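Please consult it alongside the sequence and the model.

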Amino acid sequence: MDASTQSTELTGSFTAAAWDRIAPIMAEIEALPLLQRLSDGTLPPEIFRHYILQDALYLKHYARCLAIVAAKAPDNAQVLRFLGSAQKAITVEQGLHAGFLTQFGITSADVTSAEPSPAGFAYTNFLLATAYHSSYAVALSSILPCFWIYWHVGEAIKNRPVIEGNAFQAWINTYGDPQFAAGAREVIALTDIAARAASPVERAQMTDVFVRASQYEWMFWDSAWRLETWPV
């Protein structure tokens with residue numbers, strides 16, 4: 001089951017409506033040069049190096065966001081289910097990063113000394129602030145796009161013809177992998193459970209942060225393509 005099929009099966013749910021809401025953003029994401037060139041293996045190595053280093057920095061903060069969201073879950077069943085799905089995603093991404101950091105000559109010292117790009121800094125601070133200051137439902141909705149959009153993109157690229165010798169094939173395999181998909185589906189399900197118990201005001205907030213996080217996903221990839229650094 002791919003991400004598009006999943007959204008169809010969720011028709012009438014909060015997450016289906018939220019996914020429909022970001023359709024214009026998803027169209028822009030799918031057209032990003034970084035993803036197009038990653039798919040066909042022609043992405044310049046320095047751009048991918050910049051991207052994967054920024055993604056490693058992002059994951060450190062994202063993992064903390066997931067822990068905060070789990071701590072706010074309303075019952076032990078949701079805490080355990082959320083932690084399990086979050087662990088799947090983090091384990092998959094950490095394995096991917098370890099391989100690519102080595103492949104592209106990025107050392108642990110490089111990661112430690114790296115400075116987040118403006119887009120990465122803004123995105124992680126948005127997620128951390130939302131996780132700390134919002135309800136479980138709203139915080140959960142803010143971290144969902146990272147799961148869902150990567151799943152969607154990974155599935156879409158995976159279904160294209162394999163380019164022999166593509167240096168980025170491991171990235172494609174990771175986000176098109178059933179294990180990553182399972183984690184994403186579980187977070188989607190948890191978000192729908194939370195939305196059903198949320199007030200109308202809270203549901204509106206959930207939609208707002210879902211859209212904003214999706215915009216940040218576009219900004220993150222676009223900033224890597226531009227090798228974004230701080231202008232002053």
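A nonpolar core is a set of buried Ala, Val, Leu, Ile, Met, Phe, Trp, Tyr and Cys residues joined through side-chain atoms within 4.5 Å. Buried means under 20% relative accessible area, exposed over 50%, and partly exposed in between, with a 1.4 Å probe and protein chains only. The model is predicted: local features need pLDDT of at least 70, side-chain atom pairs count only at pLDDT 80 or more, and totals for chains, interfaces and linings use all residues. Residues are numbered from 1 along each chain as its sequence is written, and side-chain values use heavy atoms, with hydrogens and water left out.

**Overall architecture**

- The chain contains 12 helices and 0 strands, where helices (H or I, at least four residues) and strands (E, at least two) are DSSP runs numbered from the N terminus.
- The radius of gyration of the chain is 17 Å, close to the 17 Å given by the globule rule for 232 residues, so the chain is as compact as a globular protein of that length. This radius is taken over C-alpha atoms, and the rule is 2.2 Å times the number of residues to the power 0.38.
- Along the principal axes, the C-alpha atoms fill a box of roughly 50 × 40 × 30 Å.
- Among contacts in the chain with a separation of 6 or more, 85% are between residues 24 or more positions apart; contact means heavy atoms within 4.5 Å.

**Surface and charge**

- The accessible surface of the chain comes to about 10,200 Å², and 57% of this belongs to carbon and sulfur atoms. Areas come from the Shrake-Rupley method with a 1.4 Å probe; for residues, only the protein chains shown count as cover.
- There are 15 positive and 22 negative side chains, and the centres of the two sets lie 4 Å apart. Lys and Arg count as positive and Asp and Glu as negative, while His and the chain ends are not counted. Each charge is placed at NZ of Lys, CZ of Arg, CG of Asp or CD of Glu.

**Nonpolar core**

- Of the 232 residues of the chain, 54% count as buried.
- The largest nonpolar core has 81 residues, and those with the most contacts inside it are Phe-48, Tyr-51, Ile-143, Trp-171 and Trp-221.
- Not counting residues up to four places away in sequence, Phe-48 touches Leu-38, Leu-43, Phe-100, Phe-104, Phe-168 and Trp-171.

**Residues within helices**

- Lys-88 belongs to helix α6 (residues 76-103) and is partly exposed, at 26% relative accessibility.
- Beyond four places in sequence, Lys-88 touches Gln-179, Ala-182, Gly-183 and Glu-186. The C-alpha atoms of Lys-88 and Phe-180 are separated by 6.7 Å, although the two residues are 92 residues apart along the chain.
- Ala-131 lies in helix α8 (residues 118-133) and is buried, with a relative accessible area of 1%.
- Leaving aside neighbours within four places in sequence, Ala-131 is in contact with Cys-65, Ile-68, Val-69, Lys-72 and Ala-139.
- Ser-223, in helix α12 (residues 200-225), is buried, with a relative accessible area of 2%. Not counting residues up to four places away in sequence, Ser-223 touches His-50, Ser-117, Ala-119 and Glu-228.

**The segment after α12**

- Leu-227 is found in the segment after α12 and counts as partly exposed, at 37% relative accessibility.
- Leu-227 has a positive phi of about 50 degrees although it is not a glycine. Most residues other than glycine have a negative phi.
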